[in-house]
Amino acid sequence: IGAEGQSLIGGACSAAVMIYAGDKMSPVILLIVMFIASALGGMIWGMIPAVFKAYWNTNETLFTLMLNYVAMQVVYSAGEFVATDSRSGEFERYCA
């Protein structure tokens, strides 16, 4: 049920590594670091409902469904201002 949110957050973590560290390391190392960041991001996102289930006995199905919408908004918000003008350092609107 929560795999969509984990995939979105993992992809966002991978993209963040690519954006911020893409020109600082070789492509092979970058690919490995992107994979690790993606796995860690998805794992942490999946641990949120597990912790709530363990400590407060919440319904993990509903919790992960709601977290999918949160993950969509996080990815949309992160992608909204990713294009920068290297000369001025100002952000340009990327998504509508």
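This section describes helix packing, the nonpolar core and the salt bridges of the structure.

The model is predicted, so local features need pLDDT of at least 70 and side-chain atom pairs count only at pLDDT 80 or more, while totals for chains, interfaces and linings use all residues. Residues are numbered from 1 along each chain as its sequence is written, and side-chain values use heavy atoms, with hydrogens and water left out.

Helices are DSSP runs (H or I, at least four residues), numbered from the N terminus. Helix α1 (residues 3–21) packs against helix α2 (residues 27–56) at an angle of about 145°, and the two axes are 7 Å apart. Axes here are lines fitted to C-alpha atoms over the stretch in contact, and angles run from 0 to 180 degrees between N-to-C directions. The crossing of α1 past α2 is right-handed, a term for a near helix turned clockwise from the far one by less than a right angle. On the α1 side, the residues that meet α2 include G5, Q6, I9 and G10; on the α2 side, those that meet α1 include G41, G42, W45 and G46. Contact denotes heavy atoms within 4.5 Å. The residues of this contact comprise ten nonpolar, nine polar and no charged. In this division Ala, Val, Leu, Ile, Met, Phe, Trp, Tyr, Cys and Pro count as nonpolar, Asp, Glu, Lys and Arg as charged, and the others, Gly among them, as polar.

The largest nonpolar core consists of five residues, I9, W45, F63, L67 and A71. Such a core is a set of buried Ala, Val, Leu, Ile, Met, Phe, Trp, Tyr and Cys residues joined through side-chain atoms within 4.5 Å. Helix α3 (residues 60–80) supplies three residues, the largest share of this core. Apart from neighbours within four places in sequence, W45 is in contact with G5, Q6, I9, L67, V70 and A71. T64 also lies in helix α3 and is buried, at 13% relative accessible area (buried is under 20%, exposed over 50%, partly exposed in between; 1.4 Å probe, protein chains only).

Two salt bridges are found in the whole structure, each a side-chain nitrogen of Lys or Arg within 4 Å of a carboxyl oxygen of Asp or Glu. One joins D23 and K24 at 3.6 Å, N to O; D23 is exposed at 67% relative accessibility, and K24 is exposed at 63%. The other joins K53 and E60 at 3.4 Å, N to O. K53 is partly exposed at 34%, as is E60 at 37%.

Key: Helices (H or I, at least four residues) and strands (E, at least two) are DSSP runs, numbered from the N terminus.
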